[in-house]
Amino acid sequence: MDKVLCHDEVGEYRTKTGVPKRAAEWLAGRLAAKRSVQRLLAQSRGAATKENELCILTNGQGKPTAHLARQPRSSVADLSISHSNGLAVAAAALPGTFEGLGIDVEKVEQRSENWVEDYFTQWEIRIASQGRDQTSLFTAMWALKEAATKALGTGLAFDLRDITVVEIDALGGARLELRNEAAHYFGNYFTGTLKAMWERWGNMVRARVIIR
């Protein structure tokens, strides 16, 4: 474990071992993030970095950033991490590349009508009803909403119906619209625009949202 995690991460990992599934998902997410950062730093700096030389830290909202273990106050990459059903994914960018970066992965599976009504607008329900595979579309829209909250850096602080998928296509394109508190927050803290995309492989969906 010491070859993979920095000192602070080892301590955090130990707090999760009481729930093996949670610990395994956390570790898989950290590995995905570190490998993304390793590739990023190799391209930008031309230097190899060992996994335990990187430390993934999170702020009060759970937003992760990557630091060198010997320089804990200096971020080397902005990150987003997601895991679902044993699969972990991560996206990394040099600090300042984007105003926001978010990624989410979800399993395509049937959900309840209550779930649909709680998290989707009538417009989104209409979009899904016009598609050939409603389950995939609802999963993709859910992943896009989750990725957007990560790009905003807020977590689930807003009603997810205020992050509305107004357009989505089978080729992976999507357009999001923020409303109410989500729009107010965005206007206060960001100057760029949201760009969203998604893809499906097998029974999984991955969504990415950036603000630039």
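Predicted model: local features only at pLDDT ≥ 70, side-chain atom pairs only at ≥ 80, totals over all residues.
Let's start with the cysteines. The structure has one disulfide, and it ties Cys-6 to Cys-55 with an S to S distance of 2.2 Å. In general terms, a disulfide is a covalent bond between the sulfur atoms of two cysteines. Here the pair links distant parts of the chain: Cys-6 sits in the segment before α1 (7-14), Cys-55 belongs to strand β1 (residues 54-58), and 49 residues separate the two. So is this pair buried or exposed? Cys-6 has a relative accessibility of 5%, and because buried means under 20%, Cys-6 counts as buried. Cys-55 also has a relative accessible area of 5%, so Cys-55 is buried by that cut-off too.

Now for the nonpolar packing. The largest nonpolar core is made of 34 residues, and those with the most contacts inside it are Leu-144, Ile-163, Ile-168, Leu-176, Trp-198 and Val-209. Several elements contribute at least two residues each: helices α3 (113-119), α4 (122-129), α5 (134-152) and α6 (180-189), along with strands β6 (163-168), β7 (173-178), β8 (194-201) and β9 (204-211). Helix α5 gives the largest share of this core, with eleven residues. For a view from inside, pick Leu-176: leaving out residues up to four places away in sequence, Leu-176 touches Leu-144, Ala-148, Ile-163, Thr-164, Val-165, Leu-194, Ala-196 and Val-209. There is also a second, separate core of 14 residues, with Ala-33, Val-37, Val-76 and Ile-81 among them.

With a relative accessibility of 3%, Thr-149 counts as buried, because the cut-off is under 20%. If you set aside neighbours within four places in sequence, Thr-149 is in contact with Thr-154, Gly-155, Leu-156, Leu-160 and Ile-163. Ile-163 is also one of the residues with the most contacts inside the largest core.

Next, the open space. The largest pocket has a volume of about 670 Å³. Its lining has 27 residues, of which Gly-62, Ile-81, Ser-82, His-83 and Lys-150 lie nearest the centre. Helices α2 and α5 and strands β3 (71-84) and β5 each supply at least two residues of that lining. Ile-81 turns up here as well as in the second core.

Finally, where is Pro-95? Pro-95 is in the loop between β4 (87-93) and β5 (100-107). At 42% relative accessibility, Pro-95 counts as partly exposed, because that value falls between the 20% and 50% cut-offs. Apart from neighbours within four places in sequence, Pro-95 is in contact with Ser-75, Val-76, Ala-77 and Asp-78. Val-76 is one of the residues of the second core. As for Phe-138, its C-alpha atom is separated by 32 Å from that of Pro-95, and the two residues are 43 residues apart along the chain.

Conventions
Residues numbered from 1 in each chain as written. Heavy atoms only, no water. Disulfide = S-S within 2.5 Å. Helix = DSSP H or I, 4+ residues; strand = E, 2+ residues; numbered from the N terminus. Buried < 20%, exposed > 50% of the residue type's maximum accessible area, 1.4 Å probe, protein only. Core = buried A, V, L, I, M, F, W, Y, C linked by side-chain atoms within 4.5 Å. Contact = heavy atoms within 4.5 Å. 1 Å grid on protein atoms, 1.4 Å probe; cavity = no way out; pocket = protein on both sides within 12 Å on 5 of 7 lines; lining within 4 Å. Points joined across faces, edges and corners; volume = space filled by probe spheres on them.
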